Amino acid sequence: MTPENLLHLLQTTQKCTFGCPTIDRSVGGGIACSSLTEIVAESGCGKTQLCLQLSLCAQLPLSNGGLNASSLYIHTEFPFPFRRLQQLSQAFSSSYPQFSNPSDHIFVEPVHSAHQLFDIMPKIESSLENRNSHLPIRLIVIDSIAALFRSDFDNTPSDLKRRSSLFFKISGKLKLLAKKYSLAVVLTNQVVDLMGSSDGLNALRIGNLKFLCSSERRVCPALGLAWANCVNSRLFLSRNEEVVGEGEGMVNGSELVQRRKTRRWLHVVFAPHLPKSSCEYVINREGVVGVES
Amino acid sequence: MEVGRLPISATLRGKLISSGYTTLSSLASVSPSNLARELEISNNEAFEVLKLASHGRGLDRSEGSGAIVNGAETAWDMLHKEQFIPRITTSCADLDNLLGGGINVSEVTEIGGVPGIEIKRHNLFVRGNRIQLAVNVQIPGAFGGVGGKAVYIDTEGSFMVERALQIAEACIEDMSDYSVLLKKNAIPHQIQIEPKNILENIFYFRVCSYTEQIALINYLDKFITEHKDVKVVIVDSVTFHFRQNFDDLALRTRLLSEMALKLMKLAKKFSLAVRINHLVVVLFNQVTTKFAEGSFQLTLALGDSWSHSCTNRIILYWNGDERYAYLEKSPSLQSASAPYSVTCRGIRNSTSSNKRTKMM
């Protein structure tokens, strides 16, 4: 065994861009290669949007912050949003005309259970090894990891033990692949509401934020503490309804009209290379775009 | 053997005895400059005294009057040795106080915490600092550093070179500030080290399975024999691979305790082999929940039997908005906790007081 040269590593730590400079800035240039990044959010925050956009951006050349590579999109929640991907890829090819058909470089694989995910790992590895294709795979997205683990297992001690040993197996394997082929791996996770008193284990704080709050509720990432040990970085997406533009109704003399607007934020919960940071974003037809604050 | 028997002048002998140096072994770990300052004699004289003393000790040993078993030491000798064992600063004064001056060398220290508590940064930080010490050796009395290289064993893949570089740069800045303070007029040639050099002095191993991890620990003995200047071994984290694929818990316990023993042996062996060479082992652990007395409690992973394996144990946790370190286990220090903060420059003192004023 010989140690690796860090100076050499420094030049090869790559990031995969989100396709938006504002979001990239708050996460240090994008998703880091050779490590596991988890995106945590409740439904409707834009996890899938962000992942689709990321898998499109992976094929950008290195000079544009991409990986010059294809991506593998493993989806566990059905159906796969083909229509939205089509929409995004149209927007993508209009800003990057050199890619006439960007969806060609996204491979989609459905997975129905955690065991199946573990079983297809060799298949994934063989497709990663296939480097003579035009664009090798450098990005793996699993959307979502929570759906796999939240359905198959009971809430009994033996099942939970089986579940967490499977976590560690899968994340160990993914980390091995990420290291070997310098992949960027993105996993999405769901949240659970935090019930009951806010002391004891409920008050256990993981990461930069004192507590995670989305839609005015306190939430915490699904799959628990054991899983939190399996990922290298964790990003949290939140959304909150806010009242904006209150005065407008007064002009017409009618009753006060409250315009409500959803504001979405991306926070860095923990990451080995990032400080605490957050950024606001909006989702529009062209994809996920950061808002300059 | 008594100091009185040394072939030195009566005044010197008097000074030695009045300062408390009555036996030769008490002179064993004093540096010439310290002795000179203490006795108010010239450096040359102090050097001469120490030379004679070490010669005298050699005679002592050949007479066989010292130890009964070869290699055994008296507790008095060990105490003296310990006083001069350098410690590795964490760059956070509060943490240093908690640990009695820094992370102990020639011992195994375990640090654990929830994800995102910056065990990694801490880690990096120790390493960055470690190299900081390497340079500080040239600056007399700066941090009392020992200087050396680091072995970093990464099992989780959370090591980010860009972060290491950041910390290395901050360290170099700190050092140049320090040297300016120390020598009233800045000497430019003092700090010639570049972040590049710091990174070159970190031996980084990425292990992807527990078999690799065990193999690497076995190989470390040879590696450190070849690279005598390795002073710190960091395993981040010891836990990860041992939490998968182990249905046979007895096997896991055996493997873990074997590994821990090897690490302890390493720490001891390379601290003794060369007097000034001390080896530090820092392990990082994950936390898990433990069901005890009807409620769930937070504890470090790998179970109770593992907790015997480390000399020191530090747990990192959040308290409100501040990060705290709690010394859970230590042979010589009492349990206590201290706040710290993680900045872009590495680990520093907690800045809670500043924050509070800002919030108002």
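Colleague: In β10(A), which residue is the bridge partner of Val191(A)?

Modeller: This is a predicted model, and in it strand β10 of chain A covers residues 217-221 and runs antiparallel to β8(A), the two being joined by three bridges. Within β10(A), the residue that bridges to Val191(A) is Pro221(A).

Colleague: Which strands are the edge strands of the open sheet in chain A?

Modeller: The sheet consists of three strands with antiparallel pairing, in the order β8-β10-β9. Pairing on one side only is what marks the edge strands, and in chain A these are β8 (191-193) and β9 (212-214). Neighbouring strands of this sheet are turned against each other, direction ignored, by an average of 50°.

Colleague: How many helices and strands does chain A have, and what share of its residues is buried?

Modeller: Chain A contains 10 helices and 14 strands. Among its contacts with a separation of 6 or more, 74% are between residues 24 or more positions apart. Of the 293 residues in this chain, the share that counts as buried is 43%.

Colleague: Turning to chain B, is Ser332(B) buried or exposed?

Modeller: Ser332(B) sits in the loop that lies between β11 (322-329) and β12 (337-343) of chain B. Because a residue with 12 or fewer C-beta neighbours within 10 Å is classed as exposed, and Ser332(B) has 10 of them inside 10 Å, this serine counts as exposed.

Colleague: How many Å apart in space are Ser332(B) and Thr211(B)?

Modeller: In sequence, Ser332(B) and Thr211(B) are 121 residues apart. Taken from C-alpha to C-alpha, their separation in space is 34 Å.

Definitions and conventions
Residues are numbered from 1 along each chain as its sequence is written. Chains are lettered from A and ligands numbered from 1 in the order in which they are written. This is a predicted model: local features need pLDDT of at least 70, side-chain atom pairs count only at pLDDT 80 or more; totals for chains, interfaces and linings use all residues. Helices (H or I, at least four residues) and strands (E, at least two) are DSSP runs, numbered from the N terminus. A residue is buried if 20 or more other C-beta atoms lie within 10 Å of its own, exposed if 12 or fewer, and partly exposed in between; C-beta atoms are placed from the backbone. Two residues are in contact if their C-beta atoms, placed from the backbone, lie within 7 Å. Two strands pair if DSSP finds at least two bridges between them. Axes are lines fitted to C-alpha atoms, for helices over the stretch in contact, and angles run from 0 to 180 degrees between N-to-C directions.
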